Amino acid sequence: MRLAAAASIALLSFSAAAKDTVRIAFVGPLTGGNSAIGLGGRNSADLAVRLRNGDAKAKYQYDLVVLDDECKPDAGVQVATKAGSDRGVVGGVTHYCSVVAMATVDTYHRFGLPVIVWGAVLPDITYANDFKEIHRVNGTMINQNQTNAKFMAEHGFKKVAVIHDTTDYGKGHNKYFTQFFQKEGGQILSTFGVTADQQDFTAELTQIKAQNPEALYFGGLTPIGVRIRAQMDKLGLKTQFDGTSGIVNDDFIKALGPLAEGALAFREGAPAEKLPGGKQFLADYQKQGYSNPPEAYGPFAYAAAVLLMDAIEKTGPDRKKIIAELKNVKDRDSIVGKITFDDHGQNTVPAITRYVVQDGKWVTWEDSEYAAGKRKLPTGK
Amino acid sequence: MRSRGAAVALTAAVTAFVWGLLRAESQSAIAALLALAVAAGFVLLKTRWLDPLAGAALANERFAQGLAVASVAALALVLRDDDFALLLVTRVLIVIVACLGLNVQFGYAGVVNFAGASFFGVGGYTAAVLARATGLPHVLILLAGGVTAALTGTVLLLPILRTRGHYAALITIAFALLFRTFLEVNDALGGPQGLKLGEMRIGPIRFNDPVGIGPFEGSFYLKYVAVALILLALAFALVLRLERSWIGLALDAVRIDEIAAASFGLDVARWKIAAFTIGNFVIGVAGALSAFMIGFIAPNNYTFAESLIFVSVLLLGGIGNPWGLSLAAAIVILVPEKLQVIQEYRFLMFATLVVLVLLFRPVGLLPRPLRRLVERSP
Amino acid sequence: MSVDVVAQYVMNGAMLGMMYALVAVGFTLFFGVLDIIQFSHGDVVTVGAFAGLAAWTLLTASGVTSAGVLLLAVTGAAAAVTALLGVGVARFIVLPVKSAPQLNVLLVTLMGGTVLRECLRLFYPGGSQPKLFPALLPTSGWTFGRFFLRFDNVILLVSGALLIAGTHLLITRTRLGLAIRAVAQDEETARTMGIDFRRVVLVTFALGSALAAFAGVMDGLYYNEVFFGMGLLLGVIGFAAAILGGLGNMYGAIVGGFLFAALQTVGAVALPFASAYKDVFAFAVVIVLMAIRPTGLIGERASERV
């Protein structure tokens, strides 16, 4: 009698655990100056996995292996090697920091691990190589800099000084912005390269101040963006601060307080609420009760995770088959719009959003009081 | 013969333990294994079995060394499919080689070197630049890494020779900080983005292809394990020979009391130069191999904190004792990787451990045995 | 280059020099008293800055808004915490290994510093990110052409100078200062003359660490930011400055601090395309100087026992 009971319990638990567990990796900057975005991405990927696990029709149970690349290329390569060498991990949703993504493409290729980038914008990540493993759902920095340059020219900023970080990310921003801005008839007064963890910018800013620019273009990430803006104020350099997608997050505003007011930035992709699936995504995200908001790239991480899991459902947990399946992604619906991977695994995101900081929040330019003429930018334009 | 049998059994037990640690996935299993190891170590220390064991190993040195190499090889073969475990094993071996170099400088000659990771980096960057720009055979590139590191060291020789104690420390610390900043702002060497290395090739053997000899299949990391093991054996032999020779005697004299050594006619400067240069050579070769294995190097790999980790390995294991530092290297690399929960805390843990060791057992885990000037019969 | 740009550079250099000098004086005091290098000093600076930040966070959360009160509380908290920390380090880490080889003390304090740094990074809320430090001093200033002289910079410089002057007076005009100088000169004789060695050491550590606290708060106020790694570089530079000026010599330490800042500024001006090279330049010069004059520019006040 007892034997039968035990056997039936065993059978029941066996059938309940009939779904195989498949592991996918999430990699992003979970510590350090960009951690807000990394955590937002992680939570979004986690949300996608949870929703999929709650779906009875799913063929597999998914386990998200979370890895921290610290926004440093060496740490990134280390965790990429870890994920790649772990035969149980069949795919990855990877990287916000372009420096890290550039460093790890070879590693993923070496281990044949299919990955989908969710936040890094350097074009070279997908275009400088022919690796079938690398895909990306978010856009590249080319379009955002084109819109940036046009905006600056249209609003009367003709003389601009540039500070960019010396990683490929910062250099890429510098290259594209300079190219487009000069095409619009603008003049680049000077260009300074700084290290990504530099503390003191008084040398650069003192020289820039002597040139009297109408705006300062910053190609880099939040940690030094905050320092540059703060030290501009210390030196009495009153000029328009113009940034890129690297500073579109709450930490930038939190760290600067009122100094952030009036800063401009540009990003590919619409803000979450305006995305096709955005409202549902935000509602689901709220329900899970994460302690960090999804930030700008959360929806892309979510979409990447969903795409990866869809591929796994179709082909099973086999890296090679997943790579072949991801090649066929055309007009796939997702919360960020239709996704199509070109022959380099790159998706095209047409919309570029223009942001300005207003009252401690990133507001789209069109919705802001600056566009309506009710407020003037720091330089009075 | 009986003691040899016991030694084999003991080595087999330790190897099995390491295999278990590397294969274990669940955190609780790993924690249990580590607790077991700590308990065993404690028992060994308290019952004073450690010293006779160490003595026995010294008496049968060739046998002990052969046993160690055999056990690592066996471990690698058993783990032949597990990429990540083999990667860890190779990393441990490479760190041991680098710390052996540091040991010659620090443990034997008393030349303090807080820029160990910088010389490691010189080897790595040499390998990267040469592999990308020239067609030199990779074995030569490994050696070139060592030579470049040794040459870089000569830049610091003059200040180091003229200073003592904490002044000398400042020089290597300043160099460590300077080196990393220099790499970051220098675009010719890749800047913060770092440099990528292509596949390593020795003769017809390609290092990125998995091993396939007949029915035997294995991860490509097996090849790196083999090279690292050969390198380790060479470095170990070199260091031990050095210690046992009159060079080692001279280095010891210089370390213990420079003025006394000078008054006995030893050319202090010459021995310090020799130790520093040889040490840097070994560190450089290890750095070159490490660069090939990971396939990528960046300035952040070679920071002052990394140098401190090398120094910690030396201090924990027992300054001057190659076996001690091997054990410490294994602990320092394997434990944080497997015990995920302490990954974030690993710098804190090791720093605290070193502080405690320096306060309560400054000789380290396996202190350097007294110099044996008379052959003892087995 | 016009006068006002030069003036700006000089101002920047002076601020840095003051911070380095404060840290260097600490190093020199510790060395004078115990013949040891307390390498966790830089990280004690960081702890001071964070303690000040914590005090500010607590007070503003309970509704205090007066800038003067906040400033006093921040500085006071920083000084108190670091003094205690300094005493703790002296008693538990440095004094026990005093008789061990000098290198051991260097190593143990180096690792101790790492422990402090990691504790801040791991246990202070949000410690791994740079944290905003409040601007408690008036931010307005005078403008001369393109040179912007801010009030807060002037206040920081003046108070730093006053603090150093005060320390100098303490050392030269008080009994405590006399005791410190006696112990620095010859420990054994001082003991036989009835000076409580332990007490003097602990007080010296408290004093040096409180100076470090001020350097930390100054750094925070100047850059409006603190982060867990800020003490490492400050510590090494302070150490280098103390050595340049000759260990044990307080004036030398101050000179060394400003000298290092001058080197950095010269480097920044001479290499305008990459100001990060200024650190490379400054450290390279230090190494060269050590090769030429191994015991510093002014010379160490110590003898070696053979």
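A: Domain bounds here are those of an automatic or database domain assignment. The model is predicted; local features are given only at pLDDT of at least 70 and side-chain atom pairs only at pLDDT 80 or more, whereas totals for chains, interfaces and linings use all residues. Residues are numbered from 1 along each chain as its sequence is written, with chains lettered from A and ligands numbered from 1 in the order in which they are written.

The part examined is the meeting of the domains in chain B. Chain B consists of domain 1 (1-78) and domain 2 (83-205 + 217-360). Taken over C-alpha atoms, the centres of these two domains of chain B are 25 Å apart. Domain 1 of chain B brings 12 residues to the contact and domain 2 of chain B brings 14, two residues being in contact if their C-beta atoms, placed from the backbone, lie within 7 Å.

On the side of domain 1 of chain B that touches domain 2 of chain B, the elements giving two or more residues are helix 1 (2-23), helix 2 (27-46) and helix 4 (61-78) of chain B. Helices are DSSP runs (H or I, at least four residues), numbered from the N terminus. Helix 4 of chain B contributes the most to this side, with 5 residues. By class, this side of domain 1 of chain B holds 10 nonpolar residues, 1 polar and 1 charged; Ala, Val, Leu, Ile, Met, Phe, Trp, Tyr, Cys and Pro count as nonpolar, Asp, Glu, Lys and Arg as charged, and the others, Gly among them, as polar.

Chain B also touches chain A, and this contact takes 17 residues from chain B and 19 residues from chain A. On the side of chain B, helix 5 (83-108) and helix 8 (165-185) are the elements that give two or more residues.

Chain A has its own division, into domain 1 (20-139 + 272-350) and domain 2 (142-268 + 353-367). The C-alpha centres of these domains of chain A are 28 Å apart. Their contact joins 17 residues of domain 1 of chain A to 16 residues of domain 2 of chain A. Helix 2 (35-53) and helix 4 (98-111) of chain A each supply at least two residues on the domain 1 side, where helix 4 of chain A has the largest share, 3 residues. This side of domain 1 of chain A comprises 10 nonpolar, 5 polar and 2 charged residues.
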